[in-house]
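Here is a short report on selected local features of one protein model. Look over the sequence and the structure, then read on.

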Amino acid sequence: LSRLRVALAKGRLYEPSVERFTRAGAEPSADAGRRLLVPSSDPSIDFLMVKPGDVPVYVESGAADLGVTGTDVLRESGADVLEPLELGFGFCRLVVAAPAGVPYPRLPGGITARVATKYPRLAQSHFAALGRPVDIIQVNGSVEVAPLLGLSHWIVDLVDTGNTLRANDLVEQETVLQCGAVLVANRASQKLKLDAYLGLMERLERTPA
Ligand code: AMP
């Protein structure tokens, strides 16, 4: 039987991912500690622990055969991978938000709005599809404070409960994307390691979210 390397993201999706694979018979070995490549209770499956934003590139390149990632990260990456399974966790949405009192969807005087986001590609195509020119400003964190600091007029960011937006006096305006965790697969290894791939898929599908 061929071996499958599965890339797991070390952020919010980590615990539910491990739980799902454990129920499917592949539990990462307990002494994993700081190791990045970890064997599991299933001898045909190893886990690779990577940063959330890196899962699509590991899987697209074939450095990992499979991976778990959010559709926000996946669509932003543009990676060419298969998406055989929605995993039923990690739900959130990518939204446009504006500070209370800041006009939306147009600024007065024909000013081009600046939009701060960790998702420049998704934000750009959202506004382009609506025919609204904006300047996208890419940041890597603390997006919610960008308007407060004068960096941007609006933001595009992930929302779960909405608490973070409310705490920063931001009002949700539009949904860019509904997000959730998906299993992604490398196109070639799905064919080359078909036996192991089908075995794992069958066990994951038998143990739904
Ligand atoms: P909330 O306050 O529950 O609306 O959560 C929003 C904050 O959590 C923002 O800082 C988001 O960037 C972050 N967040 C929410 N959901 C996710 C997710 N699925 N993945 C990564 N970050 C998230």
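## A buried charge without a partner

E144 is buried (under 20% relative accessible area, where over 50% is exposed and in between is partly exposed, with a 1.4 Å probe and protein chains only), yet E144 has no salt bridge. A salt bridge here is a side-chain nitrogen of Lys or Arg within 4 Å of a carboxyl oxygen of Asp or Glu. The nearest side chain of opposite charge is K118, 6.4 Å away. Lys and Arg count as positive, Asp and Glu as negative; His and the chain ends are not counted.

E144 lies in the loop between β8 and β9. Which residues does E144 contact, leaving aside its neighbours within four places in sequence? They are I155, D157, T164, N168 and L170. Contact means heavy atoms within 4.5 Å.

## How to read the model

This is a predicted model: local features need pLDDT of at least 70, side-chain atom pairs count only at pLDDT 80 or more, and totals for chains, interfaces and linings use all residues. Residues are numbered from 1 along each chain as its sequence is written, and side-chain values use heavy atoms, with hydrogens and water left out.

Helices (H or I, at least four residues) and strands (E, at least two) are DSSP runs, numbered from the N terminus.

S142 is exposed, because its relative accessible area is 56%.

L151 sits in the loop between β8 (134-138) and β9 (154-159). At 36% relative accessibility, L151 is partly exposed. L148, L149 and L151 form a nonpolar patch on the surface, with about 350 Å² of accessible area together. Patches take residues with over 30% relative accessible area and no salt bridge; like charges are joined within 9 Å, nonpolar side chains (Val, Leu, Ile, Met, Phe, Trp, Tyr) within 5 Å. Areas come from the Shrake-Rupley method with a 1.4 Å probe; for residues, only the protein chains shown count as cover.

## Backbone elsewhere

D169 has a positive phi of about 60°, although it is not a glycine. D169 is in the loop between α5 (163-167) and β10 (170-179). It counts as exposed, at 54% relative accessibility.

A cis peptide bond joins Y104 and P105, with omega about 10°. P105 is in the loop between β6 (92-99) and β7 (113-117). Most residues other than glycine have a negative phi, and most peptide bonds are trans.
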